[in-house]
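Work through the exercises below with the structure at hand. Each task is followed by a solution in steps.

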Amino acid sequence: MDFRPTEEQELLRRTVREFAETEIRPHVREWDEQQRFSTELMPKLAALGLLGIQYPEQYGGAGMSAIDYCICIEELARVDPGIALSVAAHNGLCSSHIFLFGSEAQKQQYVVPLARGEKLGAWG
């Protein structure tokens, strides 16, 4: 069994790493001191497909694999674990439950805007 990442996965890693370094790293200390999540970051995360990582394109997602999901979260966490956790909670704790167990109408109503980054999901 070959465990090496594919060329596509290496490209994904470089892309998310570059994004995290340029869009997140310069603001980490400020956001941490202010104890806030940057809503200005949402459209940028969405544009990369990071708010709908594993959801099919028909639901506004990027259609990536579980390994791709791990790569994305890992690269975000290298720079800001808080952002990584927020993206993971959005994708995993919120959107995934609706995607896995919701009706088609619920998926259209909730998963589509969540995956597109029009709404930010959480879990409570």
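Helices here are DSSP runs of at least four residues, numbered from the N terminus. The model is a predicted one.

**Exercise 1. Describe how helix H5 packs against helix H6.**

Step 1. Take the geometry. The axes of H5 (residues 81-101) and H6 (residues 104-116) come within 9 Å and cross at roughly 160°.

Step 2. Name the orientation. Angles over 145 degrees count as roughly antiparallel. H5 is therefore roughly antiparallel to H6.

Step 3. H5 and H6 make a left-handed crossing.

Step 4. Pick out the residues. H5 contributes His90, Cys94, Ser95, Ile98 and Phe99, while H6 contributes Gln106, Lys107, Tyr110, Val111 and Leu114.

Step 5. Sort them by class. The contact of H5 with H6 holds 6 nonpolar, 3 polar and 1 charged residues.

**Exercise 2. Repeat the analysis for helix H4 and H5.**

Step 1. Take the geometry. The axes of H4 (residues 66-79) and H5 come within 6 Å, crossing at roughly 150°.

Step 2. Name the orientation. This angle makes H4 roughly antiparallel to H5.

Step 3. Pick out the residues. From H4 come Tyr69, Ile73, Leu76, Ala77 and Val79. They meet Pro81, Ala84, Val87, Ala88, Asn91 and Gly92 of H5.

Step 4. Sort them by class. The contact of H4 with H5 has 9 nonpolar and 2 polar residues, and no charged ones.

**Exercise 3. Which residues of the largest nonpolar core touch the most other members, and which elements supply this core?**

Step 1. The core has 24 residues, of which Ile24, Leu41, Leu45, Leu50, Cys72, Leu76 and Val87 touch the most other members.

Step 2. Trace the elements. Helix H1 (7-24), helix H3 (42-47), H4 and H5 each give two or more residues to this core.

Step 3. Find the main contributor. H4 provides the largest share, 6 residues.

Step 4. Beyond its neighbours within four places in sequence, Ile24 contacts Phe19, Trp31, Leu41, Leu76, Val79, Asp80 and Ile83.

Step 5. In soluble globular proteins, nonpolar side chains tend to be buried together.

Note on methods:
Residues are numbered from 1 along each chain as its sequence is written. This is a predicted model: local features need pLDDT of at least 70, side-chain atom pairs count only at pLDDT 80 or more; totals for chains, interfaces and linings use all residues. Side-chain values use heavy atoms; hydrogens and water are left out. Axes are lines fitted to C-alpha atoms, for helices over the stretch in contact, and angles run from 0 to 180 degrees between N-to-C directions. Angles under 35 degrees count as roughly parallel, over 145 as roughly antiparallel, 65 to 115 as roughly perpendicular and the rest as oblique. A crossing is left-handed if the near helix is turned anticlockwise from the far one by less than a right angle, and right-handed if clockwise. Contact means heavy atoms within 4.5 Å. Ala, Val, Leu, Ile, Met, Phe, Trp, Tyr, Cys and Pro count as nonpolar, Asp, Glu, Lys and Arg as charged, and the others, Gly among them, as polar. A nonpolar core is a set of buried Ala, Val, Leu, Ile, Met, Phe, Trp, Tyr and Cys residues joined through side-chain atoms within 4.5 Å. Buried means under 20% relative accessible area, exposed over 50%, partly exposed in between (1.4 Å probe, protein chains only).
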